[in-house]
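Here is a short briefing to read alongside the model. Have a look at the fold first, then at the charged side chains.

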Amino acid sequence: MSIEIANESGVNVDETSIVSAARFALDKMEVSPLAELSILLVTLEVMEDLHERWMDLPGPTDVMAFPMDELDSSRRPDAPDASPALLGDIVLCPAFAKDQAKTAGHALMDELHLLTTHGVLHLLGYDHAEPAEEREMFGLQKRILGEFQAAVAAHNKRDAQRSADDRLLGTAGLDAAPAEEPPA
């Protein structure tokens, strides 16, 4: 799966983590590994322009998704004849998301993971205009985010344990000694 990210927002964020969240969501939604996705992080001003131009709504927003038009009938995993292709673009605004994260009581990266997952679901044809659609989309979003957070926590726990084990082995003199240079 090809996921490209460009940070033009001026906000320093962990881009690798955003890509990981997108890849996790796409994998959970059983999107073809041949699919391509683009993620762009922008300033408030750029997001405001996009929001007004494409949604005819004033001011900036947190996330926008621009699916490729020719894939409309085959985006959702339950749609027939899904084919690998360019899914589209997700545009995130970290400056806008920062205030939302503070209000929600979590870190900016948690908010960006949520928005990335939200954008992925939009690219796959999910929406939240009607109550039933909203329940479906936000239920999926919550499940995917929960599983992503659990996977990240398990990975971090394994890394911490591995690091502690390496320190203990080093202290006990049981760490791997560097290979000796062969005589010249």
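How many residues apart are Arg 53 and Asp 49 in helix H2? They are four residues apart, and therefore separated by about one helical turn. Please note that this is a predicted model, where local features need pLDDT of at least 70, side-chain atom pairs count only at pLDDT 80 or more, and totals for chains, interfaces and linings use all residues. Residues are numbered from 1 along each chain as its sequence is written, and side-chain values use heavy atoms, leaving out hydrogens and water.

**Fold**
- The protein chain has five helices and four strands (DSSP runs of H or I, at least four residues, and of E, at least two, numbered from the N terminus).
- Their order from the N terminus is β-α-β-α-β-β-α-α-α.
- Of its 184 residues, 33% count as buried (under 20% relative accessible area with a 1.4 Å probe, protein chains only; exposed is over 50%, partly exposed in between).

**Salt bridges**
- The whole structure holds three salt bridges (a side-chain nitrogen of Lys or Arg within 4 Å of a carboxyl oxygen of Asp or Glu).
- Arg 53 and Asp 49 pair at 2.4 Å, N to O; Arg 53 is exposed at 52% relative accessibility, while Asp 49 is partly exposed at 37%.
- Glu 147 meets Lys 28 at 3.0 Å, N to O, linking helix H5 (residues 131-171) to helix H1 (residues 15-28) across 119 residues.
- Glu 147 also bridges to Arg 143, with the closest N and O atoms 3.5 Å apart, and salt bridges with shared partners join Lys 28, Arg 143 and Glu 147 into one network.
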